[in-house]
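The plan is to jot things down as I look them up.

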Amino acid sequence: MSKKSSRAIKEFLGEAEEIIENLNLDLVALTDQAETGECDPDLLNRIFRGAHSLKGLSGMFGFVDISDLSHRMENLLDSLRLGKVALSSSLVEVLFEALEVLIQLVNGKGESEEFSLDLSGIFLKIERALQGETSSTDDPFARYGIDPSILSVLTEYEEHRLLENLKKGRNLLRVKTTFNLTSFDQDLAEITDQLKHHGEVVSTLPCPGDISEQICFQLLYGTEKSAEQIQDILQRDDAVCEMLVVGGSSASAQPKSQTPTPAPVTVDGNGNRSEEPSTEVASASMRSISRTVRVDIDKLDSLMNIVGELVLSKSAISNICELLKESGAVEAARELQKATRNLERRLDDLQKGVMEVRMVPVAQLFEKMIRIVRRLSNEQGKKIDVDIRGAETELDKLIVEDLSDPLMHLIRNAIDHGVEEPEERRQIGKPERGKIALWASQKGNHVVLEIHDDGRGIDPEKVRRKAVEKGLISETNNLSREEVFDLIMSPGFSTRDEVSEISGRGVGMDVVKNNISALSGMIEMTSEVGKGTTMIITLPITLAIIKALIVRVAGKTYAIPINSVQETLMIPASALKTIEDREVIELRESTLPLLRLTDIFGLAKPDADPSKLFVAVVGLAEKKAGIVVDDLLGQQDVVIKSLGNALSFVRGIAGAADLGNQKTILVLDVGGLMAEALKGESAFYYV
Amino acid sequence: MAKKILIAEDSPTMRSLIVSALSAMGDYDIFEACNGFEALRILPREKVDLVITDINMPDINGLELLNFVKGNGQYQHIPLIIVSTEGSEKDKEKGLSLGADAYLVKPFRPEQLQELILRFLP
């Protein structure tokens, strides 16, 4: 944990900013309360917990100064919440100043880990604020006759709250509740809310016992009401109240906390006074480095799902509209159609909006790769420049996450096998410094990533020999260059035997290919001996919601993602030709290979060949194929849901989608289908 | 079968630090709870082999979770490590007297945690 990766630091900064932001809000609320001297214990506790978390967090990252300062703040807050010092506006001032220094420190660390500030001034102020501390000695609970077992699980703070309640002369109740395990948190929140109106819940203790179905909690509760009254207020048969300590007995025993006495800051004349940070802090803004909200991706997913459902509902309305038209209610149908179009536009906006939130630039991914290049080239004594372009290109957050491993592997390959040692490069007349290019660009609904190195390239002959060695092919096999490259992507082929340190498990290119396929993407390779290798990854911008072409084959309905459909054709059966056992058609002077889902999925073939058939021309990157279907049913937005791991072995299927009329259909994985069906075809091509 | 470890900790960064320290050691099934309630849900569902908990959490505190685990015939054998920022000595004392198997003060080095894990899950 002492090793600070920049991703870890980003995580730290993100969380630190969040804590600071909340601290700031809570301190503002505390200012208002400081004037009355009475403060909300929950608020104070929240502030304390904020400082406490920041201390722990920064400590783990070795940011000693942040940790030290938040520790001192925490001490001050602890004394405050335990009633050892009194709340005052000057004390809140000190807290604010400390917070501002914290902001500066955190912002500074974001720029450079070495950033530091002179903290002696603010330390001094906190110390002075603490001087008003009064210490208590004897056991304060003794006189209330509280069962020690109750106290044993309370944190020091909870003990203090308990004491405060008792001092106010409140009754101490125990509220026992039993809830179902499935919903206990909501139930507890509900009951706690009710209780808070009439007192303070000091602690929530889960009772030991079997919790396979139900769980029991004991709430320690300070209130002016009696057990019976609370029972009446709650009106729940799953809660039982019991009086532990009758209040009022010593209500007058404690004086109200004394007046605040944080010493004013004075400057003595010995010249050793450290800079008061207030002047430099004054110019610092409270603005956080990034104006962002951290959102769990799951929340976005569920939002996306709702949008998806809405889109489906809209399709259903469109269908009704058609029905209306057919039944003769033309006027009503037209009105409905208008309204539907309006709805559609708004839905489009909504969908785009939610989509944009999910989008992140690939820059963070690229940064990671730059670090890997640096590290590996240092380790191997190679000199490599990285050429980054299009780092601002955006992709779905989930895709970016899943792209990290395959990309890392490709980069690793480029350095390990591609770029030569400086000496070797000089001898063959290449510049001493090698180059790895990492380019991203958006092409329509796709993002294209190119990873290029100017290294030695892939020698097909070497690959062939290796494959013979591994028993993947026989010595006599004569392979085309294309087939050779196919081999590299096949399981069990790796030109290096040792396990790579970065990827950890010595994964082969087949894993990279599978990872990319899982993202509905495609990977291609071009290489030239002596000049270098280029890998091209084509990915959809998002996986969440897509437009699809709905088709029927052998009585079954499928969806084809529209972004891979280039055109649809209706051709007479006579246009079919067979070349080398493969069905093809002529399309504008080129040959288009055909895929039949009946073959791939083993569906029943129609008894008689129809006289005409439909072909959906699909393409990813530079490759094209035609999918033969019986009928085209139209276009629709669909929300793709994963089939789950259990069915991940099913080839050619990207997921399932709901058509809106309670029918579920399968979505074709075009990349996978093409790879499967065009095996042996030029899966890779050369520059 | 991989040993199951439950982490109850409300700071996501701290959780991920603990997870990375654990993952570096080997193959554990790690269950992350971002508060005490979640931990209470995971306990009966999974046969957990070890619990790591923070003290200061928003709903129930680590001591209460500890009391629950150690006061329960079904779970009391499970070793429990408290990981908390150096807090009041009192909280630490309470933790140990309630039967915590170890108390680790943040900031700690990954090796310190790993050592403890190895002690309880050899």
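This is a predicted model: local features need pLDDT of at least 70, side-chain atom pairs count only at pLDDT 80 or more; totals for chains, interfaces and linings use all residues.

**Sheet of chain B**

I started with chain B and found an open sheet of five strands, ordered β2-β1-β3-β4-β5, with parallel pairing.

Next I picked out one pair. Strand β4 (residues 80–85) of chain B runs parallel with β5(B), and five bridges link the two. Within that pair, I found B:Ile81 opposite B:Ala102 of β5(B).

**Helices of chain B**

I then checked what lies across this end of the sheet. Helix α5 (residues 110–120) of chain B lies across β3 (50–53), β4 and β5 of chain B. The angle I noted between α5(B) and β5(B) is about 170 degrees.

Why is α3(B) described as largely enclosed by the rest of the structure? I have it down as enclosed because eight of its nine residues are buried. I listed the buried ones: B:Gly62, B:Leu63, B:Glu64, B:Leu65, B:Leu66, B:Asn67, B:Phe68 and B:Val69. Then I went looking for what covers them. From chain B, the cover includes β1 (3–8), α2, β3, β4 and α4.

**Where the chains touch**

That sent me to the contact between the chains. How many residues does each chain put in? I noted 29 residues from chain A and 33 residues from chain B. On the chain B side, α1 (12–23), α2 (36–45), α3 (62–70) and α4 (89–97) each supply at least two residues.

**Strands of chain A**

Last, I turned to chain A. Strand β1 (residues 171–180) of chain A runs antiparallel to strand β3 (residues 214–223) of chain A, and 10 bridges join them. In that pairing I found A:Leu173 with A:Tyr221 of β3(A) as its bridge partner.

I also looked up strand β4 (residues 239–245) of chain A. Six bridges join it to β1(A), again antiparallel. Here A:Arg174 stands opposite A:Glu242 of β4(A).

Terms used:
Residues are numbered from 1 along each chain as its sequence is written. Chains are lettered from A and ligands numbered from 1 in the order in which they are written. Two residues are in contact if their C-beta atoms, placed from the backbone, lie within 7 Å. Helices (H or I, at least four residues) and strands (E, at least two) are DSSP runs, numbered from the N terminus. Two strands pair if DSSP finds at least two bridges between them. Axes are lines fitted to C-alpha atoms, for helices over the stretch in contact, and angles run from 0 to 180 degrees between N-to-C directions. A residue is buried if 20 or more other C-beta atoms lie within 10 Å of its own, exposed if 12 or fewer, and partly exposed in between; C-beta atoms are placed from the backbone.
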